[in-house]
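This report concerns a single protein chain and the space among its atoms. Please view the sequence and the model together.

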Amino acid sequence: MAKEPHLTFMRRAIALATENVRSGRGGPFGAVIVREDEVVAEAANSVTETIDPTAHAEINAIRQACQKLGAFNLSGCVIYSSCEPCPMCLAAVYWAHIDAIYYGNTSADAARVEFDDALLYRELALPHEARAIPSERVLGDEAWESFRAWQDSSTKIRY
């Protein structure tokens with residue numbers, strides 16, 4: 001069984017999600033980022049409030065944590081989310097190098113209230129030409145120049 005403060009952080013993520021709905025600000029999602037048992041950032045979903053489809057709770061919390069810590073690498077942090085992260089948020093957690101994810105509701109629970117990530121997982125598994133949104137490579141050779149510049153840069157910061 002999980003112990004405090006583990007449960008406290010998860011309860012906070014759940015409270016943020018519930019409060020967000022009851023206030024009319026947005027969807028039923030909340031996230032808390034913690035480092036060494038201290039809250040670094042917390043956020044709720046703000047997609048409808050900010051008119052931003054990427055403003056999921058986890059993304060908002062990651063942005064806040066990065067600003068607060070002055071770093072894009074959140075190693076040493078964990079995230080508590082009221083719901084299992086969607087593919088976008090999961091990718092952001094990986095890009096941020098967060099150490100662990102703890103969640104309350106599952107993606108199946110989210111689907112029951114019409115937040116269904118199953119389409120995204122199916123689409124990601126398909127070849128580009130079979131996806132619902134057309135995707136085509138254009139000017140690949142020219143686009144490679146930006147990667148060549150990155151490869152040759154002496155000032156690049158790896159992330």
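## Basis of the model

The model is predicted, with local features requiring pLDDT of at least 70 and side-chain atom pairs pLDDT 80 or more, while totals for chains, interfaces and linings use all residues. Numbering runs from 1 along each chain as its sequence is written, and side-chain values use heavy atoms, without hydrogens and water.

## Overall fold

The protein contains seven helices and four strands, in the order α-β-β-α-α-β-α-β-α-α-α. Helices (H or I, at least four residues) and strands (E, at least two) are DSSP runs numbered from the N terminus.

Of its 159 residues, 31% are buried, that is, under 20% relative accessible area with a 1.4 Å probe and protein chains only.

## The largest pocket

A pocket is an open set of points on a 1 Å grid over the protein atoms alone, where a 1.4 Å probe fits, with protein on both sides within 12 Å along at least five of seven lines; lining residues have an atom within 4 Å of a point. The largest pocket has 22 lining residues, with His56, Cys86, Met88, Asp117 and Leu120 nearest its centre. Helix 3 (57-69), helix 4 (87-95) and helix 6 (118-125) each give two or more residues to this lining, and helix 4 supplies the largest share, three residues.

## Asn60

Beyond neighbours within four places in sequence, Asn60 is in contact (heavy atoms within 4.5 Å) with Ala43, Ala44, Asn45, Ser46 and Ala55.

Technical notes:
Buried means under 20% relative accessible area, exposed over 50%, partly exposed in between (1.4 Å probe, protein chains only).
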